[in-house]
Amino acid sequence: MQANALYCGDCLQWMQRWDEEGIDLVYLDPPFCTQTRYFSSHDDALRPAFRDVWRWDEAARSRLQNLLTSKDASLRRAVEGLHRILGDVALTSYLTYLAERLVEAQRLLRRTGSLYLHCDPGVSHYLKVLLDALFGQENFRNEIVWHYQTGGASKARFAKKHDILLFYSKTRDYRFDASSVPFARTEKALLRARHRRGARIECTNTTKLPMDVWSDIAALNPMSKERVGYPTQKPLALLTRIVRASSRAGDVVLDPFCGCGTTLQAARDAGRRWIGIDASRVAIETMREHRFKDWEMPVFSSECSVG
Ligand SMILES: C[S@@+](CC[C@H](N)C(=O)[O-])C[C@H]1O[C@@H](n2cnc3c(N)ncnc32)[C@H](O)[C@@H]1O
């Protein structure tokens, strides 16, 4: 495994080749099980980037069989239970796909390492069952709610405006430093502090530590300067918070579903080493063309899909 490099292909195949305990932080932002195809926009042209379409098929059945014969008894029980609840359906196919990759990500982590799985609230409860089985419930650290204010509302239900990030550590002895990612108190909070008797904060105390609901990081709007044209791109501020809180300078950060490389940029900017994997050639091209023009980096390729 070489750090500061991109790997094109299925992250399962790459991760399976690598020795265990070489990674300090894994952030995964896989497809969310939306049954949609995603396109990147480049010079006003749309190119297929990746598919998030699932069905119960032979491949899913074979993944299920593999997981049911895993050496890890708690993982076996979790997968068996989920299959029993859900049956032979698209969602079980999705969960088995992610389970195989989460097994490898967990294996690669050092004992002081952490993993963040970014997922949709519609599936996060099933994924939490899998992660509890893999990491042990005692190593569950946070369910982070990333709340954003994008346009669009619904009359049929309350508008869906948050993602879930499940944070686990490999052991109890993990690296974490929330004080390295303070965020600015709002003007309103500072004013209140200045004028209210018995206020709990000093008006000179302009920052505070993040809690498990993050509403201060905006989703990228279509006009954002940060946009590189890749669908589902996450804001750099989100990844910077995770990288800085859960790794130290020189540590190795892995993103197995790196898309247009937001995590890799956050890691590099913070002085970490980084490894990015993506199955989409469009993702790799987008990173090289738009985000990392000046970077000297090897790209290892197995089989890339177009989208
Ligand atoms: C939600 S996007 C990630 C977006 C990314 N966080 C960003 O900020 O750009 C999911 C990515 O996973 C990739 N992907 C899907 N299946 C994969 C697999 N088996 N191995 C590697 N990458 C995969 C897709 O090509 C897509 O780029």
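**Reading a cavity, a helix and ring pairs**

Tutor: Val79, Leu82, His83, Thr92, Leu95, Thr96, Ala99 and Leu130 line the largest cavity. Keep in mind that this is a predicted model.

Student: How many cavities of 30 Å³ or more does a search of the whole structure find?

Tutor: The search finds 1. About 60 Å³ of space lies in the largest cavity.

Student: Which helix gives the largest share of the lining?

Tutor: Helix 4, with 4 residues. Helix 3 (73–86) and helix 4 (90–108) each supply at least two lining residues. By class, the lining has 5 nonpolar, 3 polar and no charged residues.

Student: Now helix 2. Which of its residues are buried?

Tutor: Buried means under 20% relative accessible area. In helix 2 (residues 58–68), Ala60, Arg63, Leu64 and Leu67 are buried. They cover an arc of only 100 degrees around the axis, so they sit on the same side of helix 2. Their cover includes helix 3 and helix 4.

Student: How many aromatic pairs does the structure hold?

Tutor: There are 14. Trp54 lies in the loop between strand 4 (45–52) and helix 2, and Tyr97 in helix 4, so the pair ties together parts 43 residues apart in sequence.

Student: What about Phe135 and Tyr168?

Tutor: That pair is tilted: 5.3 Å centre to centre, 40 degrees between the planes. Phe135 is in helix 5 (residues 124–135) and Tyr168 in strand 7 (residues 162–169), 33 residues apart. Both Phe135 and Tyr168 are buried.

Definitions and conventions
Residues are numbered from 1 along each chain as its sequence is written. This is a predicted model: local features need pLDDT of at least 70, side-chain atom pairs count only at pLDDT 80 or more; totals for chains, interfaces and linings use all residues. Side-chain values use heavy atoms; hydrogens and water are left out. On a 1 Å grid over the protein atoms alone, a cavity is a set of points where a 1.4 Å probe fits but cannot get out, and a pocket is an open set with protein on both sides within 12 Å along at least five of seven lines; lining residues have an atom within 4 Å of a point. Grid points are joined across faces, edges and corners, and a volume is the space filled by probe spheres set on the points. Ala, Val, Leu, Ile, Met, Phe, Trp, Tyr, Cys and Pro count as nonpolar, Asp, Glu, Lys and Arg as charged, and the others, Gly among them, as polar. Buried means under 20% relative accessible area, exposed over 50%, partly exposed in between (1.4 Å probe, protein chains only). The arc is that of the directions from the helix axis to the C-beta atoms. Contact means heavy atoms within 4.5 Å. Rings of Phe, Tyr and Trp (its six-membered ring) pair if their centres lie within 6.5 Å; planes under 30 degrees apart count as stacked, over 60 as edge-to-face and the rest as tilted.
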